[in-house]
Structure formats: structure tokens, C-alpha cells
Amino acid sequence: MANNFKNAVKTNIAIDSGTYTTVYTSPASKVSIILECDIANTTGAAIDASVTITDNSASTTSYVVKDAPIPAGGALKVISGQKIVLEALDSIKAAASAGSSADCIVSILEDVG
């Protein structure tokens with residue numbers, strides 16, 4: 001088993017209307033660790049952003065952050081310092097309050113178990 005550092009990047013994340021953009025899904029039969037998640041506001045106006053984790057085995061979705069404000073041109077460190085474990089087929093998703101207004105990057109350590 002090899003540990004692989006990866007970045008998952010999504011631009012123009014979805015409008016927060018119940019349909020979130022999937023930024024990363026842990027591969028089948030692998031465990032991944034989220035090391036960091038950042039969202040950048042790419043517009044000239046303030047927006048809100050939300051990030052969720054979906055536990056595939058339990059069929060549940062939980063917020064990491066909900067409707068967090070990001071100023072114009074600013075960024076939000078959603079996950080920094082702590083670690084979140086994703087088991088096989090678990091995913092991290094993000095959404096913004098306005099379309100085409102934010103980019104999201106997630107740093108991952110993949111295939112750890």
C-alpha cells in the first residue's frame with residue numbers, strides 16, 4: 001500500500017440549492033485523509049460557502065461548515081490543522097451562494113488503510 005498525496009480542485013462550485021459540487025470521493029477499498037480544504041471567492045462581492053462530508057456506508061451527510069461568509073476576493077480555510085478520515089466511497093462536497101463564484105481545493109493523503 002502506497003500513501004499518495006493528492007490535490008482535488010474544482011472551479012466554479014455549485015450554487016447552494018441542495019446540489020453540491022463533489023470535490024473528492026475516496027476510491028473503493030481505500031481510506032483517505034483530508035489534510036486541508038480551502039475555498040476562494042473569485043468575485044467582487046461577498047458570498048457564503050458550505051462544505052459537507054458524505055459517509056457512504058451510513059448514507060448520511062454532515063456539514064463541516066454551513067453558510068460561512070467569504071469576503072470579496074477572500075478565502076476560507078475550512079479544514080486546517082485537524083484531519084478528517086474518508087472511508088471507501090465517502091466524499092467531500094462544496095457549494096457557494098452564487099454560481100461561478102468560488103473555487104475549492106482539497107489536499108488529501110490517499111490509500112492509507
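So, let's start with aspartate 67: its relative accessibility is 36%, which means it counts as partly exposed (buried is under 20% relative accessible area, exposed over 50%, partly exposed in between, with a 1.4 Å probe and protein chains only). Before I go on, this is a predicted model, where local features need pLDDT of at least 70, side-chain atom pairs count only at pLDDT 80 or more, and totals for chains, interfaces and linings use all residues. Residues are numbered from 1 along each chain as its sequence is written, and side-chain values use heavy atoms, with hydrogens and water left out.

Back to aspartate 67, which sits in strand β5, residues 60-70; strands here are DSSP runs of E, at least two residues, numbered from the N terminus, and helices are runs of H or I, at least four.

Now aspartate 111, in the segment after β8 (102-110). Phi of aspartate 111 is positive too, about 65°. Buried or exposed, then, for aspartate 111? Buried, because its relative accessibility is 12%.

Zooming out: the protein has eight strands and zero helices. Of its 113 residues, 38% count as buried. Take contacts, meaning heavy atoms within 4.5 Å: among those between residues at least 6 apart in sequence, 80% join residues at least 24 apart.

Last, the C-alpha atoms fill a box of roughly 45 × 25 × 20 Å along the principal axes.
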